[in-house]
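Welcome to this structure. Here are a few notes on its charged and aromatic side chains, to read with the model open beside you.

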Amino acid sequence: MPGAADGAPADYSPSAEPAGKYDAELDRLFGVGGPLAPAVGTFKPRTSQTEMAKAIASAIDGQQVLMAEAGTGTGKTFAYLVPALLWGGKTIVSTGTKNLQDQLFLRDIPTIRQALKAPVSVALLKGRSNYVCHFHLERTLHNGRLTSRDDVGHLREISRFIKMSNSGDKAELAKVPENASVWNLVTSTRDTCMGAECQYYQDCFVMKARREAQQADVVVVNHHLFFADVALKDTGVAELLPSANTVIFDEAHQLPDTATLFFGQSVSTSQVLELCRDVLAEGLAHARGGPDWAKVVTVVEKAARDLRLTFPEGGTRLSLPQVPPTSSFFPALDKLKEELDGLIDVLEEQAERAETLEACRVRAVELKAAFDAWKADPKGKVVEGDQAVLWVEAFNSSLQLHKTPLSIAPIFQNQREGTPRSWIFTSATLAVKNDFKHFSDQMGLTGEPARTWPSPFNYGEQGVLYVPTGLPEPNSMGYTDAVVDCALPVIEAAGGRTFFLCTTIRAVNRVAERLRTEFAERGLDFPLFVQGERGRTELLDSFRNAGNAVLVGSQSFWEGVDVRGDALSLVIIDKLPFAPPDDPVLAARIEVMEKQGMNGFMHHQLPEAIITLKQGAGRLIRDVDDRGVLMICDPRLISKPYGRRIWQSLPPFKRTRVQEEVIAFFKPPSE
């Protein structure tokens, strides 16, 4: 049912609107005899897709904002690309992931451009860490500091690659894994880029990508890049935005988290160690007769490592008031600042000997300023002046200090002011039971138009929502084992073909351990794939090819994953995906909400969990012929008053609590 938000009438529907000036053309393009059908072999006209395209065309024409939720199977990508390519002027399309970014650039946009014969130029723009840097590659080849045979082989491949590549985009070099450590040595960061001073500036792949983006009609970016740019003015989007007529965010439900990340400030001990590595290399290369460079950087490295060691190994997340005043953290932080001052003094004396040493000096000054800024009254969770929370996060080899804004709404509203343009926010999951308030409040879009279009799938026939009986409370000991015991008969009935989605990595590991044992003991020949054992893309390809596999994953498999057909027929969710209550940013947000008389759980945690759950549920039915079971194991879906609001936000599956009905669903009709 089409929905509305922020004061719009609840019965608001597309048919009630006056016809837009592009409606007849869109009816033709998306219709049976239109140009899209022959261009896409599986294309079928869908009313919701055409209506969505009309609403987006109208928003583009009127330079307006539109929040557009489109159920799975609507075909939202074509619904926004067709009007954008025809009438959007200079358009920026921002996606949630680099994978989707590549799919749009390599497949979807070329298909539509060819079908419509649209004379638009298209560019792909990624963050600088995706492009090989000539300077850093050259330096790494000469320094010979590689420690593994793999790295040496990878470096040889990269060296060969840049002689043939037009883009320098590491996604094009499949022979070197995306997570190979050598990439850090052959790409630049904002800190380590020499800019116009670099001898390779004319050949720079980052600059080339930015020049192409400047000249293109349609530029495909991702949310990280967009907001890194808005915050840092470093990625090339800042120059694009003034001339853009249309900005489209796909997977827009991710924007609040992404924007929060970039509008905050972070500094880490690993940045200090990288700086020390570069100071040593440049000092020995250009000022060997100067100070004892090894001694200069060793004291700074030790101070950074000592700061890291003030917290136990990875996984620690504490807000400033949670750090005990007696902790060695505070003196260690002061010591690091002191040693950075000493490093800056040395670099100031030596900087004129080489541009690279001057670049190191600038980085050192910026890092020192970032550490200096990280101070506040430890009595309050929130820095009142700018409504931010200070917190620390310990990883295995680094410590990050964060200053995170509690709301990005005022910052993002500020970004939208100025030049009139249309802003389109689209996703399968923006609303909670047709209510967009949670998303619109987070993004500062209160009062802006919001629309939802239903999925064309027949969920009542195609799927079943199964909430088992008899499971303990989710926080009880042995809960994960009880979930596995309950899931095993259903996995067996489904013939594998299962996504087992967990809310924590610990649960992933326990579920995988149990399933491995149970499959062996029961003689079940289901291939088992576990997040972390291989890269996400490789795991998904193996899962699709196996046809009867079980994949156990956490956050990265809840969204952006498309497995159509029989390979996936059962999605199991272990718990409702509430954010951990000890998260320092969440705790501070709730504290502020409750001071304003709101209920932190109902107004923030519950809507967040519902949107995440909708994403997980969306993995199940991906096509008109898909069938499957969504098994949500958490008893709170039934026992808590808020449970009703959750399941009413999910697709309208047939519902059951009876295991036998689920097992019967998987049996062929002849049995």
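Predicted model: local features only at pLDDT ≥ 70, side-chain atom pairs only at ≥ 80, totals over all residues.

1. Now look at the aromatic pairs, of which the whole structure has 23. In one of them, the ring centres of Phe-227 and Phe-412 are 5.9 Å apart and the planes meet at 55°, so this pair is tilted. It links distant parts of the chain, since Phe-227 belongs to helix α10 (residues 223–232) and Phe-412 to helix α17 (residues 409–416), 185 residues apart. Both Phe-227 and Phe-412 are buried.

2. Phe-425 and Phe-439 also pair up: with centres 6.1 Å apart and planes at 65°, they are edge-to-face. Phe-425 sits in strand β11 (residues 422–427) and Phe-439 in helix α18 (residues 437–443), so the pair ties together parts 14 residues apart in sequence.

3. Which residues form one aromatic cluster? They are Phe-226, Phe-227, Phe-249, Phe-263, Phe-412, Trp-423, Phe-425 and Phe-439. Elsewhere on your tour, find Arg-627, which lies over the face of Phe-665 at 4.0 Å from the ring centre.

4. Turning to charges, the count of salt bridges is 39. One of them joins Glu-251 to Lys-76, with the closest N and O atoms 3.6 Å apart. Glu-251 is in the loop between β5 (246–249) and α12 (255–263), while Lys-76 is in helix α4 (residues 76–87), so this bridge ties together parts 175 residues apart in sequence. Glu-251 is buried at 12% relative accessible area, and Lys-76 is buried at 13%.

5. Another salt bridge brings together the side chains of Lys-126 and Asp-102, at 3.0 Å from N to O. Lys-126 lies in the loop between β3 (122–124) and α6 (134–143) and Asp-102 in helix α5 (residues 98–116), so parts 24 residues apart in sequence are tied together. Lys-126 counts as buried at 4% relative accessibility, and Asp-102 is buried with a relative accessible area of 18%.

6. Do visit Arg-363 as well: it forms a salt bridge with Asp-278, the closest N and O atoms being 2.8 Å apart. This pair links helix α16 (residues 355–373), which holds Arg-363, with helix α13 (residues 269–286), which holds Asp-278, 85 residues apart. Arg-363 and Asp-278 are both buried.

How values were computed. Residues numbered from 1 in each chain as written. Heavy atoms only, no water. Salt bridge = Lys/Arg side-chain N within 4 Å of Asp/Glu carboxyl O. Helix = DSSP H or I, 4+ residues; strand = E, 2+ residues; numbered from the N terminus. Buried < 20%, exposed > 50% of the residue type's maximum accessible area, 1.4 Å probe, protein only. Phe/Tyr/Trp six-rings, centres within 6.5 Å; stacked < 30°, edge-to-face > 60°. Lys NZ or Arg CZ within 6 Å of the ring centre and 35° of its normal.
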